[in-house]
Amino acid sequence: MQVYLVGGAVRDHLLGRPIKDKDFVVVGATVSSMLDAGFQQVGADFPVFLHPTSHAEYALARTERKQGLGYQGFSVHASPDVSLKDDLQRRDLTINAMAIEVVSLTDDAPISGEVIDYYGGLADIENKTLRHVSMAFSEDPLRVLRAARFYSRYYDLGFTIADETLTLMRQLVSSGELAHLSAERIWQESSRATMQLSPHVYWQQLYEIGALTEYFAPLNQAWTDDHIRETVQTALYFAAQMKLNLSQRWALLMTSLHPPLFHLPYTDLPSNDLTAVKSINEIGNTAKVPKAQTQFAKLFVQQAEKLIAINSLSAAEKIDLIQASGAHKEPDKLSQLLVTSHVLQLAIQHRQMMIALGSFHAIGMEDIQPDLKGPAIGEALRQTRIEHLQAHDMSLKPSRKVV
């Protein structure tokens, strides 16, 4: 019997990240030998056991074969003759397919600390690449979401997804396999990704490969507007930097469904939040979003314009806002709403200034009269840049049909 520390603990050890959970693979063992050692079996689909004292997960080395649709369409084979190499080959990404041998079932100290790497995980960590282990990647639609989640988790370290892995992800999306994932698994991966340091990366990646159409169709449609998509992505980035909670981050993502919030300078734009609330409910039902996140998102979208304009509200409007938000019962909720609106404002302002910066850089000497001299050159550049920005701002102004 040989015992190995595997997966995330090895990966994060190599990346210098905190290790949250330890998972182990046991080679050469049987169900009865694990039970005799005092381990408790969990799950009926494949043999995973909990350590009697640490409660860490120990799984028998196993292989899988695709037999049906979706995440659960696999047959599992676990026996003493399955090797560590066989077991690691079924994993999703090379950085998750490394192992370190430990002393025994009762002692998880490394024997030598040598990293066992059959599939190039060490090189991919060095090159900051997320790459599939084998073509078995394309058999499991959940791996589309997992790859995007790891991208959001390690984006700040400079990681990218390998082109050939992106190709497999797109093929999985095109195959319709994502429709066979359970909504619970969709939410589990998506909520974990939304709490990463770069949550915007997860959602942008899924949008780019067409993976939002199945469970997040209203969001996919809203993000065809570059202005909305880029502003919300910025808001999610700021939300992570400021350590906002899941409800706040989800509310910011759901503001995508309420276009008037992104055109607040145009105060004559009608603001009907009923469509946004309906879309939030639709996503909530389809992706099994918990009630707490859905309700907070709806409340924020309904009150966002007042929250953003808090300094100019009348006494009556402030009292009404307290009543509408339930702040008289839950004062913390009002604080969370105000912080969320602050992040949205920052994102809108950042987007506006990035557009202005683009206009600044778009205009050069070739765009003004060539015979100008001295201070006239600077003034001409300034005026042409202003006109360029004004034209861009007018192009963003929505029609009054937007509701």
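Predicted model: local features only at pLDDT ≥ 70, side-chain atom pairs only at ≥ 80, totals over all residues.

Student: Okay, why is Asp87 called buried?

Tutor: Buried means under 20% relative accessible area, exposed over 50%, and partly exposed in between (1.4 Å probe, protein chains only). Asp87 has 0%, so it counts as buried. Arg90 has 13% and is buried too.

Student: And what makes His55 exposed?

Tutor: Its relative accessibility is 52%, so His55 counts as exposed. You'll find His55 in the loop between strand S4 (48-50) and strand S5 (57-60). Strands (E, at least two residues) and helices (H or I, at least four) are DSSP runs, numbered from the N terminus.

Student: Why is Lys288 called partly exposed?

Tutor: Lys288 has 45% relative accessibility, so it counts as partly exposed. Lys288 sits in the loop between H12 and H13, and its phi is positive, near 55 degrees, in a residue other than glycine.

Student: How do you know that Asp87 and Arg90 form a salt bridge?

Tutor: A salt bridge needs a side-chain nitrogen of Lys or Arg within 4 Å of a carboxyl oxygen of Asp or Glu. For Asp87 and Arg90 the N to O distance is 3.5 Å, so the pair meets that cut-off. The structure holds 15 salt bridges.

Student: What does the salt bridge between Arg146 and Asp92 tie together?

Tutor: Here the N to O distance is 2.6 Å. Arg146 lies in helix H5 (residues 142-154) and Asp92 in the loop between helix H3 (84-89) and S8, so the pair ties together parts that are 54 residues apart in sequence. Arg146 is partly exposed at 22%, whereas Asp92 is buried at 6%.

Student: How do you know that the buried residues of H12 line one face of the helix?

Tutor: In H12 (residues 274-286), the buried ones are Ala276, Val277, Ser279, Ile280, Ile283 and Gly284. Seen down the axis of H12, they fall within an arc of 165 degrees, so they line one face. That arc is taken from the directions from the helix axis to the C-beta atoms. On the other side, Leu274, Lys278 and Asn285 are exposed. In general, an α-helix has 3.6 residues a turn, so residues three or four places apart point the same way.

Student: Which helices do the buried residues of H12 pack against?

Tutor: They pack against helix H9 (217-222), helix H11 (246-254) and helix H13 (291-308). Contact there means heavy atoms within 4.5 Å.

Student: Last one: what makes strands S1 and S2 a pair?

Tutor: Two strands pair if DSSP finds at least two bridges between them. Strand S1 (residues 2-6) and strand S2 (residues 23-27) have five bridges, in the antiparallel sense, so they pass the test.

Definitions and conventions. Residues numbered from 1 in each chain as written. Heavy atoms only, no water. Expected span 1.5 Å × (residues − 1).
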